[in-house]
Amino acid sequence: MEPIILKVKDSTLEKMKKYYDSQMVPVDDTNLIFKAHAIGCDIIAKIDGTVELSGQNALQEAKHWSKKVAKELANLTSNVDDVFPFHHIGCAETGSADYLGPICVVACYVTEDDVELLKELNIDDMAHLSNQDIVNCAKLIKDKLVYSLLILDNSHYNKMVQEGFNQANIKAKLYNQATVNVMQKVKQNVKVKVINQFVSPKTYFNYLKNEVIVVKDLMFESDAEKKYMAIVAAEILSRYAYLQYYANMTKSLKMNLCRGTSTAVDTIAAKIATKYGEKMLMKVAKLNFTNTKRVKALIEDQ
């Protein structure tokens, strides 16, 4: 397709420079501000404020910087199957927003045939799948796909926080390792590797600066599960692993648990601490959450 040409403001150019910082390529033309190479898209920004985007993902990149393009793309694809049809790797997680329970990260590789298999699940919205839906879907795909599951329990999570890592840093490490694991299993070149963006690419790669192996050719996208079946599979499998872990926690603690960060969760956490001692929270809760202060207040009021 023909390159997409955008005319952008200086403020947008500055945002683009920061966004593509880790993907910049050398520039020897005085008429250019920067050149960047993203997955499936080359970006050239000129001093006159025009930006040229070319490649198979040019439209997807352009929509981030132009409301007009985003609207046109939405109209264009509203009645078209926009699922990425080729083999790719996707990574997703479950549990990072829950005070109780682990973080489960899954990277998954899907082939063209796997894409068709996953489309047959007819999942319109991952957010509206029930726990039973997740279990049913996971059982259909878990033995057919290549994937890597990493489970970070809260004992190790809290130790990492004590060592100075924030949650985004921890997630970046898990995403990277899970993706590396899958690439080693697949043993072939997979050009498209995508994650749901939770920080900027620059910040993500800065978190990984001390890692021995870093997957650098990643696509960072919002709502990636709407286009990439590997993300759909990774979300299903990570939620399935989380549900299994959570069921074991419930059985072990002999207490009905609930997810999230609500006051109901505070009450349950306080009951756990009262029954098993406050040290148990180190094993079952993410202590850097604000819930911890409220839980301690509940314990003191008893």
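View 1. We're looking at a predicted model, where local features need pLDDT of at least 70, side-chain atom pairs count only at pLDDT 80 or more, and totals for chains, interfaces and linings use all residues. Residues are numbered from 1 along each chain as its sequence is written, and side-chain values use heavy atoms, with hydrogens and water left out. S8 covers residues 146-152 and runs antiparallel to S7, with 7 bridges joining them. Strands (E, at least two residues) and helices (H or I, at least four) are DSSP runs, numbered from the N terminus; two strands pair if DSSP finds at least two bridges between them.

**View 2. On to S6, another partner of S7.** This pairing is antiparallel too, over 7 bridges. Here Glu 93 sits opposite Val 105 in S7.

**View 3. The two sides of S7.** Ile 103, Val 105, Ala 107 and Tyr 109 point one way, while Cys 104, Val 106, Cys 108 and Val 110 point the other. In a regular strand, side chains alternate between the two faces of the sheet. Since 8 of the 8 residues of S7 are buried, the strand is largely enclosed by the rest of the structure. Buried means under 20% relative accessible area (1.4 Å probe, protein chains only).

**View 4. The buried residues of helix H4 (112-119).** These are Asp 114, Val 115 and Leu 118. Down the axis of H4 they fall within an arc of 105° (directions from the axis to the C-beta atoms), so they line one face of the helix. They pack against S6, S7, H5 and H9.

Conventions
Buried < 20%, exposed > 50% of the residue type's maximum accessible area, 1.4 Å probe, protein only. Contact = heavy atoms within 4.5 Å.
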